[in-house]
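Me: I am new to this structure and would like to learn how to read its features one at a time. Could you give me the general idea before each case?

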Amino acid sequence: MMLFTAEGLSGVVFIGFIGITLVGALIAVHAERLIRSVCGLAICFIGISGLYYFLHSPFVALMEMLIYVGAVCVTIVFAIMLADSHPEKQVGKRNVLTGALSFAVASIIFLGVLILARRTDWLACGAKENNGSMMEVGKSLLTTNSMVFELISIVLLVAIIGSLVLARSGRERS
């Protein structure tokens, strides 16, 4: 059986991470409550982090967990807790055409990316940058990936501002 080999099991793990990502994204998009959408978003980010780790990029996987799951989602949860929620002000049912139009646009984008990926001459994977230890990650953050470290702070700032806007608009509605 091909499934019980190392390649077969790694394929199952990879498909599992893809499944976690897709399920989280569907929950984030289709949940009626904002807090459930944030939970779906966190699940989606965890799946993406697993994909990065599976693709031999532990640094990016760790940053995905720290920034998006640990900071952005927690900030959004705090904004939701600060916002005033009244059940009578919840958003009603969505228009049916909106879902069909969203599906059509997503399909066009997916086909475009698929065609672009098939026409691209991909380079071979380079040497492994580090082993994923905390010391190597720290060295990478302060030397070769210092620009990424600065961009992380901008992403966190934007997430905090967005959460404050969300919390403020929740209080103004009451």
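Reply: Let us begin with helix length, for which the expected span of a helix is 1.5 Å times one less than its number of residues. Please keep in mind throughout that this is a predicted model.

Me: What should the 21 residues of α2 span, and how far apart are its end C-alpha atoms?

Reply: By that rule the 21 residues of α2 should span 30 Å, and because the end C-alpha atoms are 30 Å apart, the two values agree. Just after α2, H56 takes a positive phi of about 60°.

Me: Which residues of α2 are buried, and what do they pack against?

Reply: The general idea is that an α-helix has 3.6 residues a turn, so residues three or four places apart point the same way. In α2 the buried residues are S37, V38, G40, A42, C44, F45, G47, S49, G50 and L51, and the buried residues of this helix pack against α1 and α3.

Me: How many aromatic pairs are there, and how is such a pair described?

Reply: A pair of aromatic rings is described by the distance of the centres and the angle of the planes. Rings count as a pair if their centres lie within 6.5 Å, and planes under 30 degrees apart are called stacked, those over 60 edge-to-face and the rest tilted. By this rule the count comes to 2 aromatic pairs. One of them is formed by F14 and F54, whose centres are 5.1 Å apart with 40° between the planes, which makes the pair tilted. This pair links distant parts of the chain, since F14 belongs to helix α1 (residues 6-30) and F54 to helix α2 (residues 34-54), 40 residues apart. F14 is partly exposed at a relative accessible area of 28%, and F54 is partly exposed at 26%.

Me: What are the distance and the angle for F45 and Y68, and which helices do they lie in?

Reply: F45 and Y68 form a tilted pair, 5.0 Å centre to centre with 45° between the planes. F45 lies in helix α2 and Y68 in helix α3 (residues 58-82), so the pair ties together parts that are 23 residues apart in sequence. F45 is buried, with a relative accessible area of 14%, whereas Y68 is partly exposed at 28%.

Me: Is E64 buried or exposed, and which residues does it touch?

Reply: The cut-off for buried is under 20% relative accessible area, and E64, with 9%, is therefore buried. E64 lies in helix α3 and, leaving aside residues up to four places away in sequence, touches F45, I48, S49, Y52 and V69.

Conventions
Residues numbered from 1 in each chain as written. Predicted model: local features only at pLDDT ≥ 70, side-chain atom pairs only at ≥ 80, totals over all residues. Heavy atoms only, no water. Phe/Tyr/Trp six-rings, centres within 6.5 Å; stacked < 30°, edge-to-face > 60°. Helix = DSSP H or I, 4+ residues; strand = E, 2+ residues; numbered from the N terminus. Buried < 20%, exposed > 50% of the residue type's maximum accessible area, 1.4 Å probe, protein only. Contact = heavy atoms within 4.5 Å.
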